[in-house]
Amino acid sequence: MTRLSHWFLASAATAALMAGTAAQAQAPQQDTSRFVMVTHGVPSDPFWSVVKNGAEAAADLVGAELEYRAPSTFDMARMQQLVQAAVASRPDGLILSFTDENALGSVVQNAVDNDIPVITINSGGDAARKYGARLHVGQSEYEAGKQAAERMQELGVKKGVCVNHEQGNQGLDQRCDGFVDGFNGNAEQLATTYDPTNIRNAIVAYLNEHNDVRGVLTLGALSAEPMIQAMREQGATDMFTLGTFDLSPGILKALDAGDLDFAIDQQQYMQGYLPVIFLDQFVKNGLLPAGDVATGPGFVTRENASQVIKLSSQGIR
Amino acid sequence: MSSTETKQSVAPSATDRDERIQRVSFWKRALNRPELGALAGAVLVIAFFIVSASGTGMFTPAGIVNFLEVAAQLGIIATAAALLMIGGEFDLSIGSMIGLAGILIAIPAVEYGWPLWAAILLAFACAGLVGWINGNLVNKTGLPSFIVTLGFLFILRGLAIGVSRLLTGRTQIGGIQEHIPGDWFASLFSGEVATGLFSWMAANGWIATNFAGNPVVSGIPVSIVWWFGLTAVATWVLLCTPYGNWIFASGGDANAARNSGVPVHRVKISLFMFTAFSATIFACIQVMDTGSADTIRGLLKELEAIIAVVIGGALLTGGYGSAIGAALGALIFGMVQMGIFYTGVNTDWFQVFLGVMLLVAVLFNNYMRKKAMEAR
Amino acid sequence: MTTQTPMIEMRSVSKHFGSVIALSNISMKVYSGEVMCLLGDNGAGKSTLIKTLSGVHQPTHGDMLLDGKPARFKSPAYALDAGIATVFQDLAMVPLMSITRNFFMGREPTIGWGPLKRIDWKYADRIAKEEMARIGIDVRDPSQPVGTLSGGERQCVAIARAVYFGAKVLILDEPTSALGVKQASVVLRYIARARADGLAVIFITHNVHHAYPVADAFTLLSRGGSLGSFRKEEISREEVLNMMAGGAELENLDAELAEFQRNDRERKADGAPAPGHSESVAAAGHADAPAGERLASDR
């Protein structure tokens with residue numbers, strides 16, 4: 001009996017709580033716009049928390065309502081469903097990362113057909129344009145990878161390796177492809193898992209077997225920090241040219257200390273922030289930039305690292 | 001063995017008979033052990049790499065420590081998963097517990113300035129609570145632990161993400177390494193042991209130098225010590241203590257165990273708590289090691305732990321298995337995972353390679369066990 | 001013999017489950033060094049009676065006396081402490097575990113102190129071996145899994161365990177029902193030995209042929225009530241069989257089978273052959289033992 005009443009209380013409390021959030025979500029004032037942002041970034045990816053922070057800050061600024069959605073694993077089918085659901089909820093604007101043309105092209109088309117303005121962020125700008133997306137805010141992954149290779153060659157590297165911790169992610173694969181092409185084929189891809197120990201030991205094992213490789217590129221904070229740690233442990237930071245995509249407090253500290261040579265920053269805070277501002281302007285005044293906005297690639301090196309550190313710890317860079 | 005047969009075989013002299021018993025039981029014991037197949041599988045995998053990765057650095061001291069470290073971290077949770085599986089239950093929330101425990105250590109220490117030991121204790125306390133809840137839910141509802149802990153797989157991962165986003169706005173928390181020096185409790189989970197021995201060996205030229213020109217191995221990573229230690233303790237508990245007998249009994253037939261006076265519920269709760277603790281030990285080691293916590297840590301580790309335990313000869317249905325087998329399973333897994341980098345196989349084929357090697361190890365394991373049973 | 005106090009005595013014990021009367025007014029005395037056979041068909045109340053004796057149920061009316069003193073068991077653990085050991089049909093054995101591990105399950109002998117406290121395997125193996133040897137089963141290796149033993153041997157391990165841990169009253173629930181003739185005889189031999197050791201044994205069975213050789217007394221149950229207790233010298237095997245609910249039924253069965261046979265014979269005479277058929281029916285109809293076994297095997 002007591003157990004039953006507990007159960008009842010608990011469900012009542014849950015119901016009340018859910019009703020509360022539902023009421024919040026469903027009862028916007030007449031003049032606030034509602035934007036939905038769908039990304040492929042798993043919620044635990046530090047990169048995407050910064051994007052989300054930017055979007056939330058912009059929404060607060062313009063007084064719009066923002067819903068952020070992302071699949072819990074990297075899963076295009078799930079992402080497609082999330083975008084479809086977002087379109088069905090008739091938002092005033094849709095922001096999405098366009099990682100896979102095949103999976104997302106038709107749903108973008110569907111949104112456009114329903115008069116929902118679409119801005120793509122992060123990746124896939126050119127492809128999305130075909131389906132009626134208005135604007136792209138992001139960087140070209142392939143180009144960024146290529147530039148990383150060029151930067152490494154300037155620093156004297158003949159042969160490099162690209163550590164891919166999420167093979168099958170088009171954006172990451174393109175970075176590595178760009179990197180390999182930038183080296184004219186004198187580079188390889190090293191596939192690893194998410195696990196930091198696995199990443200670190202795989203890099204050490206690989207370098208032990210490939211003595212001529214002198215440049216290591218990682219594709220995110222997830223793999224950059226284990227790499228930096230491995231190099232520090234071996235006292236080999238000066239021996240290699242080390243680069244990474246994205247920023248994190250750990251990466252910035254390594255840049256500041258000179259252990260890491262460069263980080264490619266795509267200023268992802270802007271990828272969250274700008275689309276919300278743009279969509280707000282579009283809804284209110286019909287204004288929109290005429291061309292795509294390139295938020296990156298920008299290189300962060302030892303020279304400008306310290307100024308970025310503070311912002312990074314606040315989740316802005 | 002029918003009773004008539006045995007009566008005929010009773011030898012006249014007592015000492016004579018004892019000797020015969022000794023001999024027979026030794027062989028039977030050896031062939032009967034669950035880890036036999038895993039040992040055979042490990043030997044096969046080692047042989048494979050000795051052939052295919054010959055002349056590479058895989059079996060140099062550095063290479064060995066390299067794959068042992070990966071095996072060790074898995075082995076820590078596999079040991080606990082083995083005890084739990086022998087006790088007849090699964091815990092699918094181990095991986096998520098690793099992620100949550102890491103966050104619980106990092107946030108208080110980095111964001112709120114707690115001493116690291118207090119943050120670690122907090123993580124252990126929460127792990128104990130999670131294990132206790134898991135165990136009680138399984139006991140009280142009688143639902144399969146597969147389902148109950150599957151719920152916690154999502155809940156704990158979600159908590160890790162939710163809590164760290166709420167309190168820090170990020171999902172990765174760095175800067176823990178600065179807190180480690182001077183914290184004796186944290187030092188249990190970080191660094192290396194026997195560093196003096198290794199530098200002495202390097203000085204004598206017994207250890208080669210690595211790609212960076214340094215002595216390749218500066219010590220034994222603490223995770224390997226934990227792995228060996230936990231495996232030894234778990235083996236002792238299983239084979240030598242009444243509690244170990246209760247674990248076998250609870251997993252073999254919970255009803256029979258209860259009728260014989262075994263506190264089955266308490267055994268299961270303690271086993272669930274132990275898996276959560278092992279996940280926290282894993283998290284501690286990884287957090288101290290990498291200097292950061294990340295909500296994604298431990299992804300799919302529950303699966304890897306179960307794989308290691310099953311490779312190690314445990315029955316999925318409970319009541320049979322060994323901690324040493326789980327350790328061998330973890331060794332096979334770690335060796336295969338790292339070994340591909342020495343074989344020159346393009347890493348695009350990483351998962352195919354991993355899957356094929358595991359399958360081969362399991363099939364060989366199974367074959368050896370069958371052979372052993374026939375020989376009895 | 002009758003001057004001594006019964007080891008366990010039931011005085012007008014009744015057990016009601018709501019409006020269902022599972023046991024009514026049962027009285028029974030079992031002495032040390034004696035085997036009491038509890039006979040009855042399905043639904044006669046045997047299970048309820050055992051569960052009342054072993055502390056699973058408490059009697060609604062009536063008293064139980066253990067060694068002359070009134071006893072009331074709140075749970076099976078209390079009954080066990082008082083020396084009443086029950087070997088249920090599932091035996092409380094884990095097939096994957098060794099004989100020794102099963103033998104001492106829940107009551108492991110330990111040596112050492114503190115964190116070094118451990119099972120005394122040498123002692124445990126020796127005791128398990130000795131106890132099994134006492135009942136004439138030579139266990140070469142007490143670390144072999146119980147699953148490798150035959151059904152009868154497993155039953156014996158369960159009984160040996162109960163005896164070793166100080167049972168004064170041993171309740172055996174259908175110990176021979178799932179066993180073949182040879183296996184059953186192993187168990188029956190052991191029951192006789194337990195009696196010789198001075199235990200009071202309560203042996204529940206369907207099968208008169210198993211019960212009669214080892215029993216000293218019989219209590220017959222039918223539809224929750226007792227048909228009475230008899231000393232072995234007061235009653236013959238056939239009488240016992242007839243008094244069981246199945247006795248009359250079997251007579252009817254015999255008559256019916258005879259009827260079939262007669263019909264068959266007539267048909268054969270009419271020129272419609274039914275080769276072999278009639279013989280097999282006749283064989284089944286005449287042999288009592290298989291019929292009894294068949295009854296025993298449905299639980």
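Reader: Into which domains is chain A divided?
Author: In this predicted model, chain A is divided into domain 1, covering 31-139 + 268-286, and domain 2, covering 141-265 + 301-313.

Reader: And how many Å apart do the C-alpha centres of those two domains of chain A lie?
Author: The C-alpha centres of domain 1 and domain 2 of chain A are 28 Å apart.

Reader: How many residues are in contact between domain 1 and domain 2 of chain A?
Author: Domain 1 of chain A contributes seven residues, which are in contact with 10 residues of domain 2 of chain A. On the side of domain 1 that touches domain 2, the residues divide into three nonpolar, three polar and one charged.

Reader: Moving on to the chains, how many residues of chain A are in contact with chain B?
Author: There are 36 residues of chain A in contact with 36 residues of chain B. On the side of chain A that touches chain B, at least two residues each come from helix 2 (46-62), strand 7 (187-191), helix 8 (196-209), helix 9 (221-234) and helix 10 (249-257) of chain A.

Reader: Which of these supplies the largest share of that side of chain A?
Author: Helix 8 of chain A does, with 11 residues of the side that touches chain B.

Reader: Switching to the backbone, where is Leu300(B) found, and what is its phi?
Author: Leu300(B) is found in the loop between strand 4 (293-294) and helix 14 (301-311) of chain B, and although Leu300(B) is not a glycine, its phi is positive, at about 65 degrees.

Reader: Is Leu300(B) buried or exposed?
Author: Leu300(B) counts as exposed because 12 other C-beta atoms lie within 10 Å, and the cut-off for exposed is 12 or fewer.

Reader: And what is phi for Asn25(C)?
Author: Asn25(C), a residue other than glycine, has a positive phi near 55 degrees, and its place is in strand 2 (residues 20-30) of chain C. Asn25(C) counts as partly exposed, with 15 C-beta neighbours inside 10 Å.

Methods. Residues are numbered from 1 along each chain as its sequence is written. Chains are lettered from A and ligands numbered from 1 in the order in which they are written. This is a predicted model: local features need pLDDT of at least 70, side-chain atom pairs count only at pLDDT 80 or more; totals for chains, interfaces and linings use all residues. Domain bounds come from an automatic or database domain assignment. Two residues are in contact if their C-beta atoms, placed from the backbone, lie within 7 Å. Ala, Val, Leu, Ile, Met, Phe, Trp, Tyr, Cys and Pro count as nonpolar, Asp, Glu, Lys and Arg as charged, and the others, Gly among them, as polar. Helices (H or I, at least four residues) and strands (E, at least two) are DSSP runs, numbered from the N terminus. A residue is buried if 20 or more other C-beta atoms lie within 10 Å of its own, exposed if 12 or fewer, and partly exposed in between; C-beta atoms are placed from the backbone.
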